[in-house]
Amino acid sequence: MEAHSFSPESAGFRRAGVLGLAAVTTVVGTLEMHRLLSAQGTSAPEVVLVFLFALCFGWIALSFWTAIAGFLQLALGPRLPGLRYPSVDEEAVPLASRTSVVMPIHNEDPASVFANVQATYESVAATGHLDAFDFYVLSDSTRAEAWVAEELAWSDLCRRVGGQGRIFYRRRTDNTGKKAGNLGDFCERWGRRYDFTVVLDADSLMDGRTLVTMARLMELNPRAGILQAPPLNVGRTTLFARLQQFAGRVYGPIVAAGAAAWQLGESNYWGHNAIIRTEAFINHCGLPVLPGKQPFGGHILSHDFVEAALMRRAGYTVWLVPELGGSYEQPPPNLLAYAQRDRRWCQGNLQHLSLVMAGGLHPFSRGHFLMGVMSYVASPLWLLFLLSGLVAALHDRFFLDVHSLDTASLAFDAPGSLRLFAVSMGMLLTPKLLGLTLALVRPGEAAKMGGRVRLTLSVLLESVLASLLAPVMMLFQSHFVFGTILGYRVNWSSQQREDADLPWAEGARRHAAHMAAGVGLVAAAALVNAAMVAWLIPVVAGLLLSVPLTVLTARSSLGQWAARRGLFLLPEETEPPEVLERAQSITEEHAVEPVSDAVERVLTDAKTHALHLALLESQPGLAESTSTPAALEGARRKLLGGSAEPLSAQEKVAALLDVGTLSEAREQRLTRALS
Amino acid sequence: MDSVTTLTACPSVPSTVWAVPRSRAALDTFFRGFGFSDETDLSALAAWVLDGYSAHGGQPQAAVALARARMETWLSSVLGLEHAGPGLLARGRAAFVLCDGASRGARLLTRPAAPEDFVRAVRAAVPVPAPAQVSAVMPEQQLVLWPFGELLRRWWRGASPDVSISR
């Protein structure tokens, strides 16, 4: 099937508005930059500078006009054209379709995973449409302890909510294709049982009403392939996370509405909190393995963009539907965890470069690939822009005839530069101002965010802190981009901790190079003149303060302190939606007992043993197809031979896959205990 | 052959049922898997299994096979046809243990019918990890990464397409 547009008549106008204005703005800005730099002729570094400026300015121009489009879309209030929404009568009718809600997980904390599943399940049940939904927890966990803990948590959940036969648990023994492979495995085994599949992340939480609306929209729009509900960041307490949550709540809707307003049925898929048409997905979205080696070849890492492109290529539309609401996830707790996530995403997005020219794709799908690449490449571009600016200034300082500066026509146009700087900053800050405006004028919203004064103060503080954190992220992302392209491995050994304080030593270790870069920039700028140092202060300040910024914003105590003073408050905190409150209370009420040694637990605890064996026996042939004989042999020798030597991670998994070994070892222990 | 007389506390089982020690040990291990640990319960359950079986559990394997059969019959009567099948014993045992059936004593198994509340609880506790599979194949999609280059390659009768099929 050929890709063709399902977009409404206004699509052309909307797209010309955003893309056209972004292009015009970029051209005007670039010409102005060229005029400023060419006062004394154009040197080679300045040519590079103008080129880099055009790319970076184009990127912020697109974001700016998207935000304007989003503001207009939200202010004028109409629904997105092109999708058919249910009437009141249609909403009252039971769903005719079957939907699976799947949550792929990988060594996650089972307490929060299953609390979110339960809260979502109960929320769907409250809508009266539970019969139309099944839930799957699709485990790719490799740690034996996580595996056994998941089994116990799943069993408890089923018994708590009577979810037997509706909440399912499946663990894969090999992680081929990672999350995309996990989802693909689900589709190949159970996908045909369902019309639609809602894909969640391990930290996703969705309101039942949203899920029902999504399923109904899919029923009413048979050519819709994917509907993406933009998730709202909630639930963490560190200052860094609260900043992200606040930014996502105030500015996020503007950005999402803007993207939806001009992308319409050629929007993107973010990999979770979305509903997909299962059969179309099965038939058209099997991911290819790219030729060549990583980073550009091999298994596709960021599968979501590619799946959206394939879905669109097959003639189905992909919609971002911000008005759905009721879609939540959690942000990383601190800057280092955020950067760690970025490192993974960066490699995945850069891999899309090789797909930009692929045959048969919709132009907007190519655009999404490029925008995904640009979201990371923008950082090294800004860095190179900064450095070429410095080099150009040093070139003028040391190689230009100083007397030429006395000529009025050749003098540097300082007011013009300030004007361009102000325009650039204005375009960067506009989405924040528009978001703030909407929050201030919407009835009751500001009150739920601490009141108008505190809300405005929060935006100011968030803007300052985000500006300080931005240069560090620029260096992190540049490192990841260069690492990916040049093929060197970016090592990262720190662990993401649940809202735990970050040690100063960890901060110093991670940011030593950033502080050194800050000092280097100041030194280079000082060689030009003092004014140059002043221009660089916004960048240098963040680099020099990177250690305290990272460590202090990672503190939950500071986040809670800010919340107590009404700063960075979300309406979802002051008046939490039922599903959020429920997930929180389940996490507190039904603490999952930690499993310190999975094999020991299965051998000593009758419930764990019986449950684990029952689940193993429900997948006959599993052990034969996946276990490594040497690991099983080692496990048997240690478990049955009375050796005190602990089992390796591989041996634990091998033992846990073998019913015979587990039964024999338990019998042996029971007999030994009695004698 | 060593033999012991196993007295049972269960009125429905004759008090003269006895088992050879090795078989009795095997039966005890089997029922410990259901969470039973009390000697009286284990004794009663051994008697329940071997009742009417003339060989007195001469071979441990035979005794355990008999116990499995007894339990499968009991579980199918409690769980109903919905859970019948090869995994009945494993799933039924899990449900029994998760409901702490052993705390109700051997009488739960030896009495003619299990209490209604327990039946409801044990049915709700049967682990059903996944429904029946409906197999499908997700065909790997062909993406020609550089169509113009592909055209040139074909013109030159050159190399294979630039996207591999991995499976």
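Ring pairs join B:Phe30, B:Phe31, B:Phe34, B:Phe36, B:Trp74, B:Phe96 and B:Phe118 into a cluster. The model is predicted, so local features need pLDDT of at least 70 and side-chain atom pairs count only at pLDDT 80 or more, while totals for chains, interfaces and linings use all residues. Residues are numbered from 1 along each chain as its sequence is written, chains are lettered from A in the order in which they are written, and side-chain values use heavy atoms, with hydrogens and water left out.

Over all chains, the structure holds 25 aromatic pairs. One of these, formed by A:Phe186 and A:Trp190, is tilted, with 6.2 Å centre to centre and 40° between the planes. Rings of Phe, Tyr and Trp (its six-membered ring) pair if their centres lie within 6.5 Å; planes under 30 degrees apart count as stacked, over 60 as edge-to-face and the rest as tilted. Both A:Phe186 and A:Trp190 belong to helix H6 (residues 178-190) of chain A, where four residues, about one turn of the helix, separate them. Helices are DSSP runs (H or I, at least four residues), numbered from the N terminus. A:Phe186 is buried at a relative accessible area of 0%, and A:Trp190 also counts as buried, at 3%. Buried means under 20% relative accessible area, exposed over 50% and partly exposed in between (1.4 Å probe, protein chains only).

In chain B, the pair B:Phe30 and B:Phe31 is edge-to-face, at 5.1 Å centre to centre and 85° between the planes. B:Phe30 counts as buried at 13% relative accessibility, as does B:Phe31 at 1%.

Notes: Helix = DSSP H or I, 4+ residues; strand = E, 2+ residues; numbered from the N terminus.
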